[in-house]
Amino acid sequence: MALESIEPQKLKLYNYWRSYCSQRVRIAFNLKGLDYEYKAVDLSKDEQFDPEYEKLNPVKYVPTLVDGEVVVADSFAIILYLEEKYPQHPLLPKDLKKKALNIQIASIVTSTIQPRQNLPVEIDFIEGRFDLDKKLLWAQHYLNKGFTALEKLIKDCAGKYATGDEIQMADVFLEPQIHAGITRFEIDMSKFPTLARLHEAYMKIPEFQAAVPEIQQDAPRGS
Amino acid sequence: MADQGKLTLYSYWLSTCAHRVRITLNLKGLDYEYKAVDIVKGDQSEPDFVRINPMKFVPALVDGDTVIGDSFAIVLYLEEKYPQTPLLPQDLKKKALNFQIASIVSSGIQPLQNFVVVNYIEQKLGSQEKDAWHIDQFNRVFTALEKLLNGCARKYAVGDEIGLGDVFLAPQLYYVIKKFHMDMSNYPILARLHAAYEEIPAFQAAAPENQPDAPSI
């Protein structure tokens, strides 16, 4: 007797084309071969403040993952959740030291670089007080500092990818940040040869290509 | 209990990131040698420290011949290597909530209060603006945290056991309440959690004023 196949509930990702936090999760989904329904939340129109979205995620950030009954918000939390629930293509090595290195790289991106270029910081505070040129300088200052630190850290441990010859969590967090640096913040990548090389390598990988902001379904035409 | 090698923690008494690691070490009953790095004076650029941690960040943990920088990485390393008093529940949803709280603190608040950033703001905009900006940031993120905790906090941040979320929240709350004297009346859950953490010996021992490099009053 054939067993009834149970259609797995589809994963849903509430995200925004340009959100680098969302891009990380899109890469992780692709690497793990997970299909998902793309639910666009337009941050430029403040859709994260819609009551429906707030009910789902009271913190009102993107991305948010819905996996059946489970709702997980925050890209770091989402990726660690996916890593445990869908262990195919593991993003964290078993070796504790290498695992710690991956977490450290992810943490440097999420806590020392990305927040300082982040939309709310810019709009809520700086925009009124700094002009546009100064906003760019502010973001570049922190990106350059962060990239300098990352370059130092990975120079000696990078192989084909950031922490060896396999794609791991560090790569998932690095690429969106490097992408932002190049396409949005005019960072001179010649100062960061390892990061530049990694970016070239990521751009050859279909799972990374498919996650790029400019080709997402909610990206404006001509992005 | 895993065999403990010799642990050394490079720490600054007032660093909230180091504070998180101190709480974790205490909760897990791990002895460690405390090595003070005065980040205000620039000790993190001294050759001896740079050799340990070329990133020049504090905290850094040395466990035998393993060196780990970054508090998130250190805490998760300790969680795996020394599983006593686990900080992460088995339940995936509760585990994710702990990660989310930790991530909101480490990427949503702390980077914006870091003294390097604060000095930069003060330089560009003056002292009053700096304070206004601080309060603005804290309020923004505390509002978000309070909403999140409303759905999951019981005795502690996620349920009735101390978890990773508490380890990250406690230093942040300590900082805004004790150093900033922030009005917490809009954040009753956060205020209650702060009071609860103050009662726990592992948290008390990790408090900045109890560290060897804290200035004597």
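Is Asp63(B) buried or exposed, and what is its relative accessible area? In this predicted model, Asp63(B) is buried, with a relative accessible area of 5%.

Chain B contains nine helices and four strands. Read from the N terminus, its elements follow the order β-α-β-α-β-β-α-α-α-α-α-α-α. Of the 217 residues in chain B, 57% are buried. Among the contacts in chain B with a separation of 6 or more, 69% come from residues 24 or more positions apart.

The four strands of chain B come together in an open sheet with mixed pairing, arranged in the order E2-E1-E3-E4. Strands E2 (33–36) and E4 (66–69) of chain B stand at the edges with a single partner strand each, so one side of each has no neighbour in the sheet. On average, and with direction ignored, neighbouring strands of this sheet are turned by 20° against each other. Strand E1 (residues 7–11) of chain B pairs with E2(B) in the parallel sense, over four bridges. Within this part of the sheet, Thr8(B) stands opposite Glu33(B) in E2(B).

Helices pack against these strands. H1(B) touches E1 and E2 of chain B, and its direction makes about 155° with that of E1(B). Helix H3 (residues 71–81) of chain B lies across strand E3 (60–63) and E4 of chain B, running at about 135° to E4(B).

Arg22(B) is buried yet has no salt bridge, and the nearest side chain of opposite charge, that of Asp213(B), is 5.8 Å away. The side chain of Arg22(B) does, however, reach the backbone oxygen of Ala206(B) at 2.9 Å. Beyond residues up to four places away in sequence, Arg22(B) touches a set of residues that includes Leu9(B), Trp13(B), Tyr32(B), Tyr34(B), Pro208(B) and Gln211(B).

While Asp63(B) is buried, Lys81(B) counts as partly exposed at 28% relative accessibility.

Other salt bridges cross between chains. In one, Glu80(B) pairs with Lys99(A), and the closest N and O atoms are 2.8 Å apart. Glu80(B) lies in helix H3 of chain B and Lys99(A) in helix H4 (residues 96–117) of chain A, so this pair joins two chains. Glu80(B) is partly exposed, with a relative accessible area of 41%, whereas Lys99(A) is buried at 18%.

A further salt bridge connects the side chains of Lys147(B) and Glu54(A) at 3.3 Å, N to O. Here too the pair joins two chains, because Lys147(B) lies in helix H6 (residues 127–152) of chain B and Glu54(A) in helix H2 (residues 51–56) of chain A. Lys147(B) is partly exposed, with a relative accessible area of 31%, and Glu54(A) is partly exposed, with a value of 25%. Through shared partners, salt bridges join Glu54(A), Lys60(A) and Lys147(B) into one network.

Conventions. Residues are numbered from 1 along each chain as its sequence is written. Chains are lettered from A and ligands numbered from 1 in the order in which they are written. This is a predicted model: local features need pLDDT of at least 70, side-chain atom pairs count only at pLDDT 80 or more; totals for chains, interfaces and linings use all residues. Side-chain values use heavy atoms; hydrogens and water are left out. Buried means under 20% relative accessible area, exposed over 50%, partly exposed in between (1.4 Å probe, protein chains only). Lys and Arg count as positive and Asp and Glu as negative; His and the chain ends are not counted. A salt bridge is a side-chain nitrogen of Lys or Arg within 4 Å of a carboxyl oxygen of Asp or Glu. A polar contact is a pair of N or O atoms within 3.5 Å; within protein, one must be able to donate a hydrogen and the other to accept it, and residues adjacent in sequence count only if both atoms are side-chain atoms. Contact means heavy atoms within 4.5 Å. Two strands pair if DSSP finds at least two bridges between them. Axes are lines fitted to C-alpha atoms, for helices over the stretch in contact, and angles run from 0 to 180 degrees between N-to-C directions.
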